[in-house]
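Please read the following report alongside the sequence and the coordinates.

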Amino acid sequence: MSGLRAPSNYTEEPQRHPSLIVNSQEPFNAGPPRSALIASYVTPVDLFYKRNHGPIPVIDDIERYRVSICGLVEKPLELSMADIRKLRRHIVTATLQCAGNRRTAMSKVKAVKGVGWDVSAIGNAIWGGAKLADVLELVGISKLTSVSPLGGKHVEFASVDKCKEEKGGPYKGSIPLIQATNSDAEVLLAYEMNGEPLNRDHGYPLRVIVPGVIGARSVKWLSSINIIENECQGFFMQRDYKMFPPTVNWENIDWSTRRPQMDFPVQSVICSLEEENTVKPGKVCHLFKHSFH
Ligand SMILES: Nc1nc2c(c(=O)[nH]1)N[C@H]1C(S)=C(S)[C@@H](COP(=O)(O)O)O[C@H]1N2
Ligand SMILES: [Mo]
């Protein structure tokens with residue numbers, strides 16, 4: 001038992017900032033206005049996008065919280081928050097982005113499924129926590145193992161939240177073991193965000209942060225770390241967050257032909273203007289001078 005409790009309804013949700021633009025109330029999915037995204041280099045926690053697939057888990061007693069490390073390990077282990085905090089604390093500035101970011105605009109070209117997002121399912125934060133590579137050393141997995149980056153073992157992260165996509169089961173995802181054990185990849189088990197303890201929306205008490213990889217793999221409210229032979233078979237690895245050519249549609253899709261998405265294509269967006277702005281005649285030049293200098 002991890003000490004985390006997963007409510008089956010939305011009566012125990014945290015308070016949220018009133019200026020968030022809400023795409024879905026239950027589960028709570030929201031992001032900041034464009035202007036807030038570019039107002040500071042580090043996105044304030046309150047305005048950082050929130051991407052959930054079920055009700056936010058609750059910790060009744062932090063002393064009872066445990067994360068288990070199991071699967072293909074010689075000595076499975078359960079760690080408390082005190083155990084995690086004993087490991088060296090690393091600070092990593094990393095941008096997190098949901099792979100569903102900009103779905104609303106994509107839908108104008110061709111209908112996509114999933115909750116709509118404008119451009120703000122992205123944020124930049126300073127994460128503090130233990131390196132996953134250090135945690136895995138505790139169960140006898142040494143750093144930089146020589147497995148093939150294209151296949152090989154995976155490290156699966158599971159939570160406790162009840163997601164309808166997992167038929168009421170918990171959210172999960174995995175990354176290759178070779179990335180998890182590479183200290184330079186800076187995969188964190190984070191307990192701090194922007195110098196504060198993680199809040200409930202962002203994964204209290206402990207979440208994964210996988211820099212440079214789609215947000216979906218940065219599992220919040222971490223309950224277990226499972227070393228597995230192949231990539232995780234959960235919904236968000238096998239039936240979502242995959243990229244297909246335009247010829248593929250919902251009738252002819254063969255999910256097994258593509259690997260789960262990990263990194264992102266490059267993209268950009270102008271945030272100094274909202275989707276629609278009204279300008280008075282004669283003011284246009286001034287506005288552009290202001291925006292691009
Ligand atoms: N347990 C759990 N972890 C999760 C999710 C979730 O619904 N449940 N959503 C994922 C997705 S799709 C994204 S984009 C990021 C969002 O993190 P944030 O809400 O802190 O911005 O968390 C990921 N981790
Ligand atoms: Mo996401």
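The report below describes selected features of this predicted model.

Because the model is predicted, local features need pLDDT of at least 70 and side-chain atom pairs count only at pLDDT 80 or more, whereas totals for chains, interfaces and linings use all residues. Residues are numbered from 1 along each chain as its sequence is written, chains are lettered from A and ligands numbered from 1 in the order in which they are written, and side-chain values use heavy atoms, with hydrogens and water left out.

**Strands and sheets**

Strands are DSSP runs of E with at least two residues, numbered from the N terminus, and two of them pair if DSSP finds at least two bridges between them. Strand β3 (residues 29-31) is joined to β4 by two bridges, and N29 has R51 of β4 as its bridge partner.

Strand β9 (residues 122-131) takes part in two antiparallel pairings: nine bridges connect β9 with β8 (residues 89-97), and five bridges connect β9 with β12. A130 of β9 is the bridge partner of R89, and A130 also stands opposite L189 in β12. Eight of the ten residues of β9 are buried, where buried means under 20% relative accessible area, exposed means over 50%, and partly exposed lies in between (1.4 Å probe, protein chains only).

**The nonpolar core**

A nonpolar core is a set of buried Ala, Val, Leu, Ile, Met, Phe, Trp, Tyr and Cys residues joined through side-chain atoms within 4.5 Å. The largest one has 63 residues, and W127, L132, L136, L222 and I225 have the most contacts inside it. Strand β12 (residues 188-193) gives the most to this core, with five residues. When neighbours within four places in sequence are left aside, the residues in contact with L132 (heavy atoms within 4.5 Å) include V155, F157, I175, L189 and I225.

**Aromatic rings and charges**

Rings of Phe, Tyr and Trp (its six-membered ring) pair if their centres lie within 6.5 Å, and planes under 30 degrees apart count as stacked, over 60 as edge-to-face and the rest as tilted. The structure holds eight such aromatic pairs. In one of them, the rings of W250 and W255 have centres 6.1 Å apart and planes at 50°, so this pair is tilted. W250 is partly exposed, at 43% relative accessibility, whereas W255 is buried, at 15%. Ring pairs also link F48, Y49, W117 and W127 into a cluster.

A charge sits over a ring if NZ of Lys or CZ of Arg is within 6 Å of the ring centre and within 35 degrees of the ring normal. Two such arrangements are tabulated here.

| Charged residue | Ring | Distance to ring centre |
|---|---|---|
| R85 | Y191 | 4.4 Å |
| K113 | W250 | 4.1 Å |

**Cysteines**

With a disulfide taken as a pair of cysteine sulfur atoms within 2.5 Å, the count comes to zero. The sulfur of C70 has its closest cysteine sulfur, in C232, at 13 Å, which is too far for a bond. C163 is likewise in no disulfide, and its nearest cysteine sulfur, that of C232, is 12 Å away. C70 is partly exposed, with a relative accessible area of 26%, while C163 is buried, at 1%.

Conventions. Helix = DSSP H or I, 4+ residues; strand = E, 2+ residues; numbered from the N terminus.
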